[in-house]
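Please look over the sequence and the model shown here before reading on.

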Amino acid sequence: MFNMFKRPKVDTAAYDERLNKAIDQAKFDFEKAKMSEVALFESDIDPRLIKAETAKARQKYFFLLRVARQRDMKGHWSTAFVLSLIHI
């Protein structure tokens, strides 16, 4: 009867793995958006839309990095967080 109010256990290893994959995908999307911004800047598309898409990809990537940092995760992208903030 009292078990219905307990939180279900979360598999942290699986969650960390999914977060790691999401960070890799977000980094790829952000890099692709940066390259597309340069390439599409000379087209007929409104530059504000291009910049907005790049900003959205950047914010998603940095949000996922902050979540990983809060969880004290280690990964091949851990130094990317520091280096990316320096270049902004």
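## Basis and confidence

This is a predicted model, in which local features need pLDDT of at least 70 and side-chain atom pairs count only at pLDDT 80 or more, while totals for chains, interfaces and linings use all residues. Residues are numbered from 1 along each chain as its sequence is written, and side-chain values use heavy atoms, with hydrogens and water left out.

The protein averages a pLDDT (the predictor's confidence in each residue, from 0 to 100) of 80, and 81% of the residues score at least 70. Confidence is highest in helix H2, at 91, and lowest in helix H3 (residues 78-86), at a mean of 48. Helices are DSSP runs of H or I with at least four residues, numbered from the N terminus.

## Helix H1

Helix H1 comprises 29 residues, 12-40. From its first C-alpha to its last, H1 reaches 40 Å, close to the expected 42 Å; the expected span is 1.5 Å times one less than the number of residues.

Among the buried residues of H1 are Leu 19, Ile 23, Phe 30 and Glu 37. Buried means under 20% relative accessible area, exposed over 50%, and partly exposed in between, with a 1.4 Å probe and protein chains only. Helix H2 (47-70) is included in what covers the buried residues of H1.

## Salt bridges

The structure holds five salt bridges, each being a side-chain nitrogen of Lys or Arg within 4 Å of a carboxyl oxygen of Asp or Glu. One of them joins Glu 37 and Lys 51, with the closest N and O atoms 3.2 Å apart. This pair links distant parts of the chain, since Glu 37 lies in helix H1 and Lys 51 in helix H2, 14 residues apart. Glu 37 is buried, at 17% relative accessible area, whereas Lys 51 is partly exposed, at 46%.

Glu 31 also pairs with Lys 34, at 3.5 Å between the closest N and O atoms. These two residues are three apart in helix H1, and therefore separated by about one helical turn. In helix H2, Lys 56 and Glu 53 are likewise three residues apart, and their side chains meet in a salt bridge of 3.7 Å, N to O.

## A residue in the loop between H2 and H3

Asp 72 is in the loop between H2 and H3. Asp 72 has a positive phi of about 55 degrees, although it is not a glycine. Most residues other than glycine have a negative phi. Asp 72 is exposed, with a relative accessible area of 61%.

## A residue in the loop between H1 and H2

Ile 45 is placed in the loop between H1 and H2 and counts as partly exposed, at 40% relative accessibility.

Note on methods
Contact means heavy atoms within 4.5 Å.
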